[in-house]
Amino acid sequence: MSSPSKAQILLTHLDWNIQHFEQILNNDKTDYYRDASIQRFCLVFDAAQKSLSALAEEKGKTIQSVDDCFQIAKEEKWTDETYDSVISDYQLVKDGFKPDLAETVYPRLSNHYSFFQKLYTTVSKGV
């Protein structure tokens, strides 16, 4: 019995994070759940980046930046969606955020969830 690849393990973690992202988004909006949703978004983003990087390495590609991960996802047809807003929102909140910034990013989190869910579904079919 062979052990799972690094990408398969990371995809399992990505799936778990996406599921919890959905759960937190389904709560009534309070400051706590708003901030928790943004924090979960960052965890999903990190898990997606690691998964895409591992998948790219398996294909012999080199990753130099976050943009590279998502560009390879586009090239490999793992996503057909634009990911610029996902990256820009992550850059805004990854090192902490103030309430006014949270109010700006929070309304877009449902779209980001959909992006990650579609990405996971597509990628996991090929692994």
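Which residues does phenylalanine 116 touch, not counting residues up to four places away in sequence? The list is Ile18, Phe41, Val44, Phe45, Ala48, Phe70 and Val86, where a contact means heavy atoms within 4.5 Å. Keep in mind that this is a predicted model: local features need pLDDT of at least 70, side-chain atom pairs count only at pLDDT 80 or more, and totals for chains, interfaces and linings use all residues. Numbering starts from 1 along each chain as its sequence is written, and side-chain values use heavy atoms, with hydrogens and water left out.

**The core**
- Phe116 turns up again in the largest nonpolar core, where Phe41, Phe70 and Phe116 touch the most other members out of 41 residues.
- Helix α2 (31–58) gives the most to this core, with 12 residues.
- A nonpolar core here is a set of buried Ala, Val, Leu, Ile, Met, Phe, Trp, Tyr and Cys residues joined through side-chain atoms within 4.5 Å.
- Buried means under 20% relative accessible area, exposed over 50%, and partly exposed in between (1.4 Å probe, protein chains only).

**Isoleucine 24**
- Ile24 sits in helix α1 (residues 6–25); helices are DSSP runs of H or I, at least four residues, numbered from the N terminus.
- Its relative accessible area is 17%, so Ile24 is buried.
- Setting aside neighbours within four places in sequence, Ile24 contacts Tyr33, Ala36, Ser37 and Arg40.

**Cysteines**
- There are zero disulfides, a disulfide being a pair of cysteine sulfur atoms within 2.5 Å.
- For cysteine 42, the nearest cysteine sulfur is that of cysteine 69, 16 Å away.
- Cysteine 42 is buried at 11% relative accessibility, and cysteine 69 is buried at 1%.

Notes:
Helices (H or I, at least four residues) and strands (E, at least two) are DSSP runs, numbered from the N terminus.
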